[in-house]
Amino acid sequence: GRIGIAVVGLGRYALARMMPAFAESRLCRIAGLVSGNRQKAARVADAYGLKSDQIYSYDSFDRLAEDDRIDAVYIVLPSGLHAEWTEKAFAAGKHVLCEKPMALSPSECERMIAASKAADRKLMIAYRCHFEPYNLKLMELMREGAIGELRTIRTNHQYKAGMATPQTNWRLNRRLAGGGPLEDYGLYGLQASLYISGQMPERISASVMRPEGDARFQEIAAHTASQLTFPGGAAAQLSTSYDAAGLNRLDIFGSEGRIVMEPGTSYGGQTMTLSRGQGSETLTPGDPQVQFAGQLDHFAEAVREGTPIKTPGEIGLRDSRLIEAIYRAAATGRSVEI
Ligand code: NAD
C-alpha cells in the first residue's frame, strides 16, 4: 500500500502546492491532518476525503503514535517550529519529511538528526529542486563540463514583502524565521551554488542590510549578499531580499560558456539558456510540476525500501552551518574560512 502521511500545518504552501500533488504521487496518500484550526481542518479533510478521526490538533499530536494509518509526517510549519515538531514526530515513531529550511540553527539540526537515529526513522528535507527537471539538467550539464570550467555563479532570490510586522507575518519574525530572507528564499541560491559547483566553499564573506524605521524589518534583515569562494577559485555571489523587485534567477559562467535560468528555482515556468561560443540554445528538459510528487515518492521509496535519501538531514545541517557562517562573516566584516 501507499505510505500514509499526516500533513502538519495547513498553510499556504501545504494547501496550494503539496497537498494537490498527492494526486500525482504513486506511493503516498494523505492519512491525517494536524492543525490548530478545527474548522479549517474539517474543510480540508472534506476536500481530501478524510474522516474526522484523521484530524489532529497540536495538543493531540502524541496520539499519532497509535494511528497505524499514519507512517510519516510532513512538517510544513513556520521554520522556527520545524525542530520541535520533528522531534515530537520521531517520538511518536513516525518518519519525517520536513520543509526547508530544516531549522534555524545547526544545533537544532543536530538534535533532529539524533532523534531520527534514535527512533530508527527516516528524515528527509523537502529540497524540491533535486526533483525538478531543469535543476536536474543543470546538475548534469555541470557534471559533463558543458560550459568548461566553472568560474562564477550569480543567484538572485528576491521579492518585495507587503506591509506587515513580525506579529502579523511569521517570515518577518526572528523566532519563527531566523535572520531574514536567507534562510527562506536565499537558501535556494545557496543550495544551487553547491549543486552547481559540486563543492563546499572554502571561504565566505557577506553583508546583511536592515533598513531603519521600516515596520517589516524590526527583527530581521531585508537583504543579504554573500560571496562564496570554492576550491579551484570559482566564486558564487548570492543575493536575496524581501524588499526588492521580484527575481528568481541563476547565472552560471564557465570558461567556455554560460547557463542562465529565469526563473531558476520556482514552482514552475522555468527557462534555461545554454550558450557556447556563438551558439545559444533554449533547453526544455521537462515539466517543473513533477517536482512536488517526485519528492513525495522519493521519500516514500526510502521509507518502504530503505533506499538512500538524496536530501537527508545532513544536507540541511550542512546548509544551516553555511548560513551561520554567512551571518558570522557579515557580523564581523571578515571572511570566514570553512
Ligand atoms: P504559511 O504561513 O502559509 O503557513 C504556516 C502554517 O503554520 C499556517 O497554517 C499557520 O496557521 C501554522 N502555524 C502553526 N503554528 C504557528 C505559529 N506558532 N505561528 C505561525 N503559524 C503557525 O507559511 P508557508 O509559506 O506555507 O510556509 C510553511 C513552511 O513551508 C516554511 O518552513 C517554509 O519555508 C516552507 N515552504 C517551502 C516552500 C518550498 O517551495 N519548498 C514554499 C513555501 C514554503
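In this predicted model, helix H7 meets helix H9 through Leu182, Glu183, Leu187, Leu190 and Gln191 on the H7 side. The partners in H9 are Asp319, Leu322, Ile323 and Ile326. Two packed helices are described by the angle between their axes and by the distance between those axes. For H7, which covers residues 181-197, and H9, the axes come within 11 Å and cross at roughly 105 degrees. An angle from 65 to 115 degrees counts as roughly perpendicular, and H7 and H9 are therefore roughly perpendicular to each other.

Ile326, one of the H9 residues that meet H7, also belongs to the largest nonpolar core. That core has 88 residues, and those with the most contacts inside it are Ile5, Ala6, Val7, Val8 and Ile326. Helix H9, residues 313-332, supplies the largest share of this core, with nine residues. Domain 1 and domain 2 both give residues to the core, so the core lies between them.

Leaving aside residues up to four places away in sequence, Ile5 is in contact with Cys28, Ile30, Ala31, Ala72, Val73 and Tyr74. There is also a second, separate core of seven residues, among them Leu172, Ala177, Ala221 and Ala222.

The domain division comes from an automatic or database assignment. Domain 1 consists of 3-129 + 291-311, and domain 2 of 132-285 + 320-337. Each domain is thus written as two stretches of the chain, because the assignment gives the bounds in that form. The centres of domain 1 and domain 2, taken over C-alpha atoms, are separated by 26 Å. In the contact between them, 17 residues come from domain 1 and 17 residues from domain 2.

The remaining points concern the protein chain as a whole. Its secondary structure comes to nine helices and 15 strands. The radius of gyration is 20 Å, close to the 20 Å that the globule rule gives for 338 residues, so the chain is as compact as a globular protein of that length. Along the principal axes, the C-alpha trace spans about 60 × 45 × 35 Å. Of the 338 residues, 47% are buried. Among contacts with a separation of 6 or more, 69% are between residues 24 or more positions apart.

Conventions:
Residues numbered from 1 in each chain as written. Predicted model: local features only at pLDDT ≥ 70, side-chain atom pairs only at ≥ 80, totals over all residues. Core = buried A, V, L, I, M, F, W, Y, C linked by C-beta atoms within 7 Å. Buried ≥ 20, exposed ≤ 12 C-beta atoms within 10 Å, placed from the backbone. Helix = DSSP H or I, 4+ residues; strand = E, 2+ residues; numbered from the N terminus. Contact = placed C-beta atoms within 7 Å. Rg over C-alpha atoms; globule rule 2.2 N^0.38 Å. Axes fitted to C-alpha atoms, helices over the stretch in contact; angles between N-to-C directions. Parallel < 35°, antiparallel > 145°, perpendicular 65-115°, else oblique.
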